[in-house]
Amino acid sequence: METISPIPMRHPAIRDPWPVRAVLLITAIVFAVLFLFVPLLAVFYEAFQKGIPGYLAALGKPASQSAIQLTLLVAAIAVPANLIFGVAASWAIAKFNFPGKTVLISLIDLPFAVSPVTSGLVFVLLFGARGWFGPLLSAWNIKIIFALPGIVLATIFVTFPFVARELIPLLTSQGSDEEQAALSLGANGWQTFWRITLPKARWGILYGVILCNARAMGEFGAVSVVSGHIRGLTNTIPLHVEVLYNDYDYVGAFAVASLLTVLALITLLIKALLTWRRADLLPD
Amino acid sequence: MTNSVPFSLWWRRQILPGFGLTLGFTLVYLSLIVLIPLAALFVKASGIGFDGLVRTILSPRVLAAFQLSFSVSFYAALVNLFLGTILAWVLVRYRFPGRRFLDAIVDFPFALPTAVAGIALTAIYSPNGWIGGPVHTLTGWKLTFTPLGIFLALVFIGFPFVVRTVQPVLADLNIEFEEAAASLGASRLQTIFRIVIPELIPAALTGFTLAFARALGEYGSVVFISGNMPMKTEIVPLLIMMELDQFHYTEATVIAAVMLIVSLVLLFLINGLQRWGKLKGEFV
């Protein structure tokens, strides 16, 4: 619901003159059209160049299907792993005081500062054929790089902070009075967590999980380094987009890319709904 | 504080359970996924010795990539600083139809996988694309496969950082200061430059640095539009990828280690800027 806020209208002296308002508004809208709507439209326009049958045929190809399956599998491992980590880390950080807490919070954010290519490279250095554990792994016939475990590790690395950074401030602001009341009434730790903390934090958790999932399914650079681009085996959806594009199969590339675009739009929609919900809960 | 009591006593005085379990899990998971892999990068890079390090970094191709990455990222972040601030201003201060929609879709570049952004931007800006076509016929400029194309991609992925850091500060800004300035005879322009902009500087610089850091490490959205010509349009993350493809692990590691150090310095700077912003906010 759009309400007219009293702030911008309050006093002519603090209102921008109308030419300024017009120029700024037009700048913002032109920029949004050029940089947000045109790329969005372009994806679907290119994907449907050969109509709906061409679009469906591109998605139905075995290589596309296996890319979709691999991406779902990778996200199904990486997102829960980081969810468990995020909940554990936020419990330790928000409910207790200990030395080095601010350092720990900064370290959790570290993967966001690392280039995706570097995020993949570090795992090649550890587990690649010439990496630290390379000889050991090949002796045991375990493949990590150019295989599923490497893709999962790289994905976990790049999506590492999402849930934790959402939950730490939330649990901190909620305090632990209710948990202490539950414990004093005889609940044990797990009961307190499941019945008090988790329900209170559920929207924050959902918010963190959808952002984590969007990145996990869309990660390109880090996964590209560790995957080896084996078609039908180690190509995730974003890697498959690249393969098709480099093969000049533009309809195929954009059709597969449109899946990720829809995912991005759904993510934005849920994010907006949760943000508005949170804003509604706060006294205005 | 907790430091004044012996650790064993403090441990028993905790009312909530689970500190040892959650902190232990957090530290182990953080070490395994993030800290040890990143440490491996530095250990491996230092293995080649000072001479090898200097020789790698000072090779013409590497220097050209660094120069390109830093300059294009800087210009993109600079443009984002202005455009992002304008967008934040429009979103906070003006009321117009579609404002909430625009607010939600600002995050589109965050949500869209980089590979999808890459092919979509290439399609639009290529000489027969929706925007690249008219630009080419009017000016003769080619946007794809040039540093200009890289710049456009980096503007796309970076501007939400500035919007999202400036927006909350602007929303919290006490309008009474502007009214006071106006009632004391300041013109609107004076009020903007002497009252509003000084309050926004820490947040705007934080957004600028975040956009710059992201641009330096960006791979997916640039790789398609840049054309990847060594010495001309090869950015640093792409160079790391090229070295890896040719099994030049040492070169790739050294370049990645240098980039990681730059990222860490930027992260440090961002933390400092945020602390400055918070300090400033306390007086408003």
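**Views of the predicted model**

**View 1. Domains of chain A.** In this predicted model, the centres of domain 1 of chain A and domain 2 of chain A, taken over C-alpha atoms, are separated by 32 Å. The domain assignment places residues 1–47 of chain A in domain 1 and residues 50–281 of chain A in domain 2.

**View 2. Contact between domain 1 and domain 2 of chain A.** Domain 1 of chain A brings 5 residues to the contact, and domain 2 of chain A brings 8 residues. On the side of domain 1 of chain A that touches domain 2 of chain A, 4 residues are nonpolar, 1 is charged and none is polar.

**View 3. Contact between chain A and chain B.** Chain A supplies 79 residues to this contact, and chain B supplies 73 residues. On the side of chain A that touches chain B, the most residues come from helix H2 of chain A (residues 18–47), which gives 16 residues. By class, that side of chain A consists of 56 nonpolar, 14 polar and 9 charged residues.

**View 4. Fold of chain A.** Chain A contains 15 helices and 0 strands. The C-alpha trace of chain A spans about 65 × 60 × 30 Å along its principal axes.

View 5. Chain A has 284 residues, of which 44% count as buried. Among the contacts in chain A with a separation of 6 or more, 74% are between residues 24 or more positions apart.

Definitions and conventions:
Residues numbered from 1 in each chain as written. Chains lettered and ligands numbered in written order. Predicted model: local features only at pLDDT ≥ 70, side-chain atom pairs only at ≥ 80, totals over all residues. Contact = placed C-beta atoms within 7 Å. Helix = DSSP H or I, 4+ residues; strand = E, 2+ residues; numbered from the N terminus. Nonpolar A, V, L, I, M, F, W, Y, C, P; charged D, E, K, R; others polar. Domains from an automatic or database assignment. Buried ≥ 20, exposed ≤ 12 C-beta atoms within 10 Å, placed from the backbone.
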